[in-house]
Amino acid sequence: MTPSHQPLVAFTGLEKRAAAGLAAIFSTRMLGLFMVLPVFALYAHDLDGATPLLVGLAIGAYGLTQALFQIPLGLLSDRIGRKPVIYGGLVLFAIGSVVAALADGIELVILGRVLQGSGAIAAATIALTADLTRDAVRTRAMAAIGISVALSFAAALVIGPPLARWLGISGIFWLTAFLAIAGMLVLAYVVPEPERSSVHREAQPVLDQFAGVLGNPTLLRLDLGIFLLHLTMVSMFVVLPLSIESAGLAPVDHWLLYLPVVLLAIVVMVPFIIMAERGGKVKAVLLGAVTAMCASMVGFYLFHQSIWVVGFLLLVMFTVFNLMEAILPSLVSKAARAGARGTAMGVFSSSQFVGAFLGGLLGGLAHQSFGADAVYLVGAATSLVWIGLAATMVMPANLTAHVLSLGDRPDKEGLGLEARLLAIPGVEDVVVALDEGVAYLKVDSGRLDWATLQTFSARA
């Protein structure tokens, strides 16, 4: 029987080292950014000049510079190499952490957070992952990095409160600086040197693709979705620690709430992912999740005096957050044209960080102007906007990205290759990149004539 799908290829030892090392660098950096989320609002009053607005700005400030620099630094890594850019980003991250650790006023903490965000290594890290992995295993290597970031967020919520009690906010920033240095050591001694660096359209942004990505209405709605998700989450953390404390749980014990909620949210999320991906109910799950987020924000506004209600509402929020962090990137991959996933994900990721910045800013402004409870109404309002976007969004076709290795072929052999690949049953979109020695395809796995497609491969 002819196989209808690509066989699973095992990682080499070098690829395992690369994936593990880069996941460690990426996740520990994000851990450093996230650890202040569950505690900063509780301890910021010790800083000179602290106001609710400036506290919110300090929480979200990293997002602005992260959004501004991640794509340019990714493009710079094409010119000067991946590792120099990653080293530079980790140095900036460490400097920002030290500035925040030494700060006795809120303004210097904000500056430190801005510097932390300017060390934006996401695009360069993904590009290095692509350089160090083969086409057949690259998606799984990227997934490992994504999972590590999700775990770092969960870990930050659990370990942040006790660390803040033992070390103080400045101690958390010192720890963050140490994590940046540890990341440099991992980069030097664990992550291999790539034989060569090249542009990988499925993994990193390409300048000439931005117009097409920004002109795609489905991708724009998904970008707005991740923007609103992170705006809501970060704005919530401007006051959530205060709500938990007022509900009767001491700051050092907040982890006792976060730990079971985070673990339960992962379990609760799974059936909804199965329903969306295998049951073909992506839009229903998306709309249901955003509606649940809106309802939970209203619930926080009305009932945050009870620790049990706060725990339940947090379970809803973290389930929605985890679910959207899984579903939205999948939809971006499906909606992007063949060979444009890297650019689409670059814009998507930048939208996420802009949302984090505005979440801190708007949350702080609402807290200062109207009181802590008003921040939850900001989240409810953004959720309503997202419901409207999701309800009118056309779901992308359920196509799978596939990279076909072509090897070194003369340009004349590439003439007409796109048309011949499109003639294969199940191949819906093709971009031939002879400079990379590959063809990027979007395929319908249920109809794909795998045997015929393989005759075009350099490995055939």
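Student: Which helix holds Thr-319?

Tutor: This is a predicted model, in which local features need pLDDT of at least 70 and side-chain atom pairs count only at pLDDT 80 or more, while totals for chains, interfaces and linings use all residues. Residues are numbered from 1 along each chain as its sequence is written, and side-chain values use heavy atoms, with hydrogens and water left out. Helices (H or I, at least four residues) and strands (E, at least two) are DSSP runs, numbered from the N terminus. On that numbering, the place of Thr-319 is in helix H13.

Student: Is Thr-319 buried or exposed?

Tutor: Buried means under 20% relative accessible area, exposed means over 50%, and partly exposed lies in between (1.4 Å probe, protein chains only). Thr-319 has a relative accessibility of 8%, so this residue counts as buried.

Student: Which residues is Thr-319 in contact with, leaving aside its neighbours within four places in sequence?

Tutor: Contact means heavy atoms within 4.5 Å. With the sequence neighbours left aside, the contacts of Thr-319 are Ala-265, Val-268 and Met-269.

Student: How many residues of H13 are buried?

Tutor: H13 covers residues 307–335, and its 29 residues reach 41 Å from first C-alpha to last, close to the expected 42 Å. The expected span of a helix is 1.5 Å times one less than its number of residues. H13 is largely enclosed by the rest of the structure, because the count of buried residues is 22 of the 29.

Student: How far does helix H5 reach from its first C-alpha to its last?

Tutor: H5 takes in residues 106–118, which makes 13 residues. At 1.5 Å a residue, 18 Å is expected, and the span in the model is close to that, at 19 Å.

Student: What covers the buried residues of H5?

Tutor: Among the buried residues of H5 are Ile-106, Val-109, Ile-110 and Arg-113. Their cover includes helices H1 (13–34), H2 (40–43), H3 (52–80), H4 (82–102) and H7 (135–189).

Student: Which residues does Ser-118 touch, not counting those up to four places away in sequence?

Tutor: Ser-118 lies in helix H5. Its relative accessible area is 10%, so Ser-118 is buried. Beyond the sequence neighbours, Ser-118 touches Thr-65, Phe-69, Leu-73 and Leu-92.

Student: What is the relative accessible area of Pro-84?

Tutor: Pro-84 lies in helix H4. Its C-alpha is 9.5 Å from that of Ala-124, a residue 40 places away along the chain. Pro-84 is partly exposed, with a relative accessible area of 45%.

Student: How much of residues 16–398 is helix?

Tutor: An unreviewed UniProt entry places the feature "domain: Major facilitator superfamily (MFS) profile" at residues 16–398. UniProt positions are given in the numbering used here, feature names are shortened, and annotations may be inferred rather than shown by experiment. Over this stretch the chain is 0% strand, and the helix share is 80%.

Student: What distance separates the centres of domain 1 and domain 3?

Tutor: Domain bounds come from an automatic or database domain assignment. The assignment gives domain 1 (11–191), domain 2 (216–398) and domain 3 (400–456). Taken over C-alpha atoms, the centres of domain 1 and domain 3 are separated by 37 Å.

Student: Which residues is Met-393 in contact with, leaving aside its neighbours within four places in sequence?

Tutor: Met-393 is in the loop between helix H15 (373–391) and strand E1. At 3% relative accessibility, Met-393 counts as buried. With its sequence neighbours left aside, Met-393 is in contact with Thr-218, Arg-221, Leu-222, Lys-283, Leu-286 and Leu-331.

Student: Which strands stand at the edges of the three-stranded sheet?

Tutor: The sheet is open, with the order E1-E3-E2 and antiparallel pairing. Two strands pair if DSSP finds at least two bridges between them. One side of each edge strand is left without a neighbour in the sheet, because each has a single partner strand; these are E1 (400–405) and E2 (427–433).

Student: Which residue in E3 stands opposite Val-403?

Tutor: Strand E3 (residues 438–443) runs antiparallel to E1, and six bridges join them. Val-403 stands opposite Tyr-440.

Student: Which residue in the turn between E2 and E3 has a positive phi?

Tutor: E2 and E3 pair in the antiparallel sense over six bridges, and the bridge partner of Asp-429 is Lys-442 in E3. The two strands form a hairpin with four residues between them. The turn residue with a positive phi, of about 75°, is Gly-437.
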